[in-house]
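Q: I am new to this structure. How do I read its features one by one?

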Amino acid sequence: MTASESIHLDELDHNRFRSWGFSQELCVTCGICSSSCPASGIDGFDPRKLVRMLSLGLEDAVIESRWPWICTMCGKCENVCPMEIDIADAVRRVRSLRERDKVPGIVHKGLEAALETGNNLRLPKDDYIFILEDVAEEIAEEPGYEDFSVPVDKKGANILTTIHNKLVNTHTEDLKHWWRIFHVAKEDWTVPSVNWEGTNWGYFTGDDKAMKIMSSRIVEQMEKLEVKTLMWPE
Amino acid sequence: MDKKTLILGCNRDARQIAEELLETDGEVIVAIPGHSDDTVLFDDLKAVTKADKLEVLPAVGSVSCSGSVGCFSLTFTGNGTPFTRTVSSIVVADDMLRKPNFALYGLSASKGIVSLSQFHEMIEAGFDPAREKLSGKRIAFVTGLAEESNPVITEDVMRCALKVQQELELQTYIFTGNLKVAGNGLEALYRQTKKAGTIYMKFTETIPDFQVNDAGKMSITYRDEIIRETFKFNPDLTIIDEALEPSAFTRDLSKNLEIDSGPDGFVQSDNVHRATVLTNRNGIFVAGFSRCVQTERGRQADIGNVALAVHGLYQKPPDSMVGKAEIHFTGHCVGCLTCFRSCPYGAISLSPKVAVNPQACEGCGICAAECPRFTIDINVPEGESISQRIPDRENKSQKGDFEPMLTAFCCTRSAKRACELASCMGHKLPPGLQIVEVPCAGAISRQHLFSALSKGADGVLVLTCHKGNCHSERGNEYAQQRVAQLTDMLPQIGFELERLAYKTLASNMGTEFAEMINTFEKTIRELGPSRLK
């Protein structure tokens, strides 16, 4: 939409997004969402404007706009909406409308990598195991942790935990926080050797199908290892 | 008094009121205004009522009226010779007019641009989009732009839109200013229309631009205030809303029955004392669409309230003369008709001679203050006339500090109560203050004001109800005029202008009362004692 052109109302399909079921047609344009939104005003957008664009069926404009990607889906808008419109859900759904190669930044690329290799970084299994054991060795050098080791694929453990990819990349030190707690609490825990990725970027890109695949892989690990409890720090 | 009531009106409200009054064993005359000769609405009622209890007068032209409550004499002109009826009370319950708002948008009626009422007719005649050759399927309603709408019209628009959305399966748009949903069930209806698919365009900053081309096609250009972009729209049918006004018959009645009307011509003034169905005249009641623009619930309340008011009137014991105006004809009344013209309650009748109807009189005293021959008294116990209440303020040997003697005229309904409230609240009032209570500020004559000064008051204050809140409608304005007239004279008689002041307040303004008095006292303190001391 450019400022100089008029939009032809007759050409819009107002029912385009009706089936989404987020109740956006009930919006009374009170503006409480806009005043609660931390991203209000960026690019001249606010939640109320987006909701109305959906009600009118301004499909191209919502897909092209970057605002649905600037939104953090914090949910403050939904929290205060008197008509109980699922605004943040609607934002995510708008994201799903974009062609995947137009998804901003690395988010879809990371997701693609995860779908292909099991993790966002395409980190090979051997390297992953090496890093885990390397960190475990460092912990074992600390007093009180002499008998520490990292349980990988331990069948029948009490807890299975996923790992955020940065913890086996640039922030390996942060693994130690979790592991020390497990050790002192004498927890019976394990990490899977494959499909260990905790960050599910299908959530951010509005890709339900990919989300399902990533989640089901974790479930698969739990079934395989016969672990009843999942700890998923994401 | 006879339980005989005249109802002026022709609609459902008039019929229901007639029914209510007949049930309490009253007699009813229904006068159907000339713009409707439809007596059908009352046929079933007539069928079950004794002939001497209910009379229906069709196609009444104009009505003139004399007398007051208990004995209204009405003369009707219709198609034949004029005829008269005498009743104890009158109820005005006519229909409203709907005036299409085409002109507000520079439009006129055409095939593609109709009023709300015209659209109703189209629907009733079986509106079929295909048959009407509407090429597309988009209908736009325009309401509440340029001028504020109201819940009656808003409900109408929304119900139409809902019907069109659901039954005719067309896309509806409502271009609106403020959406007036202050009526039973209207917010729920609004939600219903949205769920059905109606799209609302709300305007606060701009008004859409309506253009009709030579072929009669409507083009609306507008700025969506939420999306902040310009849109263009070509609806297939545009429906313009209507303004609601009292009927010409109702407007005429205002003059002929001498009842005050409000800002829009409805025959009830915007005065707190006219709550529910009262007018300024005892025995004349107004209901439904003659009273104001209101929704169904309001109309039902009016019907009940009229029934209660009329019933209450007939149950009342005869009025005593206390507090009522009495005209003395000890050679003083010259028939100037000043009292007749100034009475806000229409309580003075002229034949056989000028007299006050005690049941219509509210004892405001405006007539007594206006009478140029001082021939009217308000009936009060001995020694209690206003003149006799004005206190002597001669100095009682004041040594040293001057203590201002203030005489404040306070009307019973507002200032007197505010004074009591001020004392209750513990406000400090000047010791030199004395109150002269009056039934209405309109009873304060220039003689009273002059008397207060000549009896030694250093300052005289006149405190009345706020403009528009006087029970006598104009009593406070009379008082203000008289204060102004006397103020003009003050320099000639050697008094400072500030010694006489006029202020308004309400009965719940205790703090403000104290402030006014204390500020006035300071002013008088600076001026020093009256020149008469």
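The dialogue below takes up a helix pair, a sheet and the domains.

A: Keep one thing in mind: this is a predicted model.

Q: At what angle do the axes of helix α1 and helix α7 of chain B cross?

A: For a helix pair, look at the two axes. In chain B, take helix α1 (residues 12-23) and helix α7 (residues 296-315). Their axes cross at roughly 35° and come within 10 Å. The crossing of α1(B) with α7(B) is right-handed.

Q: Which residues of α1(B) and α7(B) meet?

A: Read the contact from both sides. α1(B) brings B:Asp13, B:Gln16, B:Ile17, B:Glu20 and B:Leu21. α7(B) brings B:Arg299, B:Asp302, B:Ile303, B:Val306, B:Ala307 and B:Val310. By type, the residues of this contact are 6 nonpolar, 4 charged and 1 polar.

Q: How many bridges join β2 to β3 in chain B?

A: Go down to one strand pair. Strand β2 (residues 27-33) of chain B runs parallel to β3(B), and 5 bridges join them. One residue to look up is B:Val28, whose bridge partner in β3(B) is B:Leu54.

Q: Which domains does the assignment give for chain A?

A: Look at the residue ranges. Chain A has domain 1 (9-98) and domain 2 (123-231) in the domain assignment. The C-alpha centres of these two domains of chain A lie 37 Å apart.

Key. Residues numbered from 1 in each chain as written. Chains lettered and ligands numbered in written order. Predicted model: local features only at pLDDT ≥ 70, side-chain atom pairs only at ≥ 80, totals over all residues. Axes fitted to C-alpha atoms, helices over the stretch in contact; angles between N-to-C directions. Helix = DSSP H or I, 4+ residues; strand = E, 2+ residues; numbered from the N terminus. Left-handed = near helix turned anticlockwise from the far one by under 90°. Contact = placed C-beta atoms within 7 Å. Nonpolar A, V, L, I, M, F, W, Y, C, P; charged D, E, K, R; others polar. Pairing = 2+ DSSP bridges. Domains from an automatic or database assignment.
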